[in-house]
Amino acid sequence: MDGKIEVSGIDISKKSEDEMSNIRGTTMFMIFQNPPLNSLNPVKTVGFQLMEAISIRNQRNGENMTEEQMKNEVVETMKVVRLPDPERILERYPHELSGGQVQRVVICMALLLKPRLLIADEPTTALDVTIQAQVVNLLKELNQTRKMSIIFITHDLSLAYVLADRIVVMYAGRIMEDGPAEDLIRKPLHPYTEGLLMSIPTNDKNAGPLYSIPGSPPSFFSLPKGCKFSPRCRYVFGKCETEEPRLVNYGSSSVRCWLRG
Amino acid sequence: MDEIIKFVGLKKYYMAYQRQLLDVIFRRKPVYVRALDDVNLSIVRGSVTSVVGESGSGKTTMGKIITTMEKPTGGTYYFEGKEVRGSYVEEVRKRVSMVFQNPATSVNPRMKIKAIVSEPLGGRFDENRVAEVLESVGLRYSDVKDKQPRELSGGQIQRVAIARALVKNPELLVLDEPTSALDESVQAQMLNLFVELQKQYSVTYVFITHNIAVAKYISDTMVVTYAGKVFEYGSTEKILNSPKHPYTQLLISSVPSFESKKLRSPTGGDVPSLIDPPPGCRFKNRCPFAMETCSKEPPIAEINGVKVACWLYVGGNAVENPN
């Protein structure tokens, strides 16, 4: 691995595994795509796991809390994420809860740990849209009230637009475009972003076929030369196929495309 | 109007766990998961019907019953006006086909593409037919015939799965979330392909999806399912323009769009458990319009050609779009 990753001023790529486990959870916290399967311990109750989270936080911050105080905080936080009947849920095991509830338990754990950065990897794909709306609104609220930064990983551009201030579009392991959500959606700079936006169905089939990006994403074992999107790009010209463009600033955004210099 | 499929009071219950000897001895009642409960539905030949709803609402079970992979626990399933049972099951099976969500797990990784596609023909390898369907889904027969699935991309494997489903010229095709496992940039290609194939083969589609935008694009009629029940059923355009059932209204307003950065967040509550669902309307614990009568099973009302299972529209108290 090359380069470095700085999280609030600390280069985490040089930390040892021991030091990292101190940073994980309280500095940054990750929510995964399929919470019922891999985010909670299936043989411990929800209550046990949430109490564990809070005692880890106290240990790191050198705080002392009684069992009673800890439990009160857990119950209060569960109300924040709108888990119905917190006292009953505390006694349950993860498999007794629905997917949406488990996801909210995981978010609740994140709130108890109070991380500065929350990384959410497609946290709503396993949920239905009505529950997705609840989770997204909750995340927005937390971002505003607790000043918690969020990296939200998704394939749904409209969801990204609703949630984010800034959108980064990636393709074949590279950042293709990075800019304020409003600009990126209204005036996409990269042909890939433009293609993605155009291929979202908005009408019915009688309005004619959808625009679609030809071909399929490249395999990492045989990446094309030059710009990685060039074989599928409709504006492709000479330079694109031989030389890979660099990520350059363009207004308040940055973009990796020869069309934009 | 030529009905190809009709469900009357259809039920599908799964056993929640295997009954043990002790359960039999003590005559404990078996516990059922009510995946589909009392569903009435008819599908017109040559139409595209989308089935929308969240995971666990019975969409896939419906597809499996249509393709006879599952036998209904109760009620009747008519295919072309004839009840599907006994020896007719075999015949229906020849005339319906299904495409699954995840292309990588629905084809045999060890088989060559040409063998995968010709498998439904039952041992008889008809090269012309295989080549023809593969070309019609946009693959070059000479390029792919001897390849194995791992040499193809996800979108290409899904095309192979579609070719396999079409090879016997089915009258009805069940597509179970056929685009959700694919890359976003490939989804539009697949949707165009489905529309084209439907014109070419004049096959009836049952398109299972949770994506409202996709349902809007592809379907003529729409079925909204929730916790094993059909809540609303009728023309896609009418339902999307003026959803009647409170759940459909909620569903449509929770879809994120580029128009607004605000997302309407529904009232709390959760989907009821299918093991022992509360009596009456299954949505009543989350419904903003819940009333006393909702603890009784809602009858089906018809408004402007759309069928709605909600007490709001029963008798004279129809409310025009309470939003």
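**Exercise 1.** How much area is buried between chain B and chain A, and what percentage of it do carbon and sulfur atoms give?

*Solution.* The model is a predicted one. Begin with the area buried between chain B and chain A, which comes to about 3,400 Å²; carbon and sulfur atoms give 56% of that area. Then turn to the residues in contact, of which chain B supplies 40 and chain A supplies 47.

**Exercise 2.** Find the salt bridge counted between chain B and chain A, and describe the side of chain B that touches chain A.

*Solution.* The count between the two chains is one salt bridge, and K205(A) forms it with D220(B), whose closest N and O atoms are 3.2 Å apart. This pair qualifies because a salt bridge requires the side-chain nitrogen to lie within 4 Å of the carboxyl oxygen. Across the interface there are also 15 residue pairs in polar contact. On the side of chain B that touches chain A, the elements giving two or more residues are helix 9, helix 10 (212–218) and helix 12 (246–253) of chain B, and helix 9 gives the most, with 10 residues. By kind, the residues of this side divide into 16 nonpolar, 14 polar and 10 charged.

**Exercise 3.** Determine which residues in helix 6 of chain B are buried, and what covers them.

*Solution.* Within helix 6 of chain B, which runs over residues 127–136, the buried residues are R129(B), V130(B), A131(B), V133(B), L134(B) and S136(B). What covers them includes helix 5 (113–118), helix 7 (141–144), helix 8 (154–166) and helix 9 (184–201) of chain B. Finally, just after helix 6, G138(B) takes a positive phi of about 90°.

Technical notes: Residues are numbered from 1 along each chain as its sequence is written. Chains are lettered from A and ligands numbered from 1 in the order in which they are written. This is a predicted model: local features need pLDDT of at least 70, side-chain atom pairs count only at pLDDT 80 or more; totals for chains, interfaces and linings use all residues. Side-chain values use heavy atoms; hydrogens and water are left out. Buried means under 20% relative accessible area, exposed over 50%, partly exposed in between (1.4 Å probe, protein chains only). Helices (H or I, at least four residues) and strands (E, at least two) are DSSP runs, numbered from the N terminus. Contact means heavy atoms within 4.5 Å. Buried area is the accessible area (1.4 Å probe) that two parts lose on being put together, summed over both. A polar contact is a pair of N or O atoms within 3.5 Å; within protein, one must be able to donate a hydrogen and the other to accept it, and residues adjacent in sequence count only if both atoms are side-chain atoms. Ala, Val, Leu, Ile, Met, Phe, Trp, Tyr, Cys and Pro count as nonpolar, Asp, Glu, Lys and Arg as charged, and the others, Gly among them, as polar.
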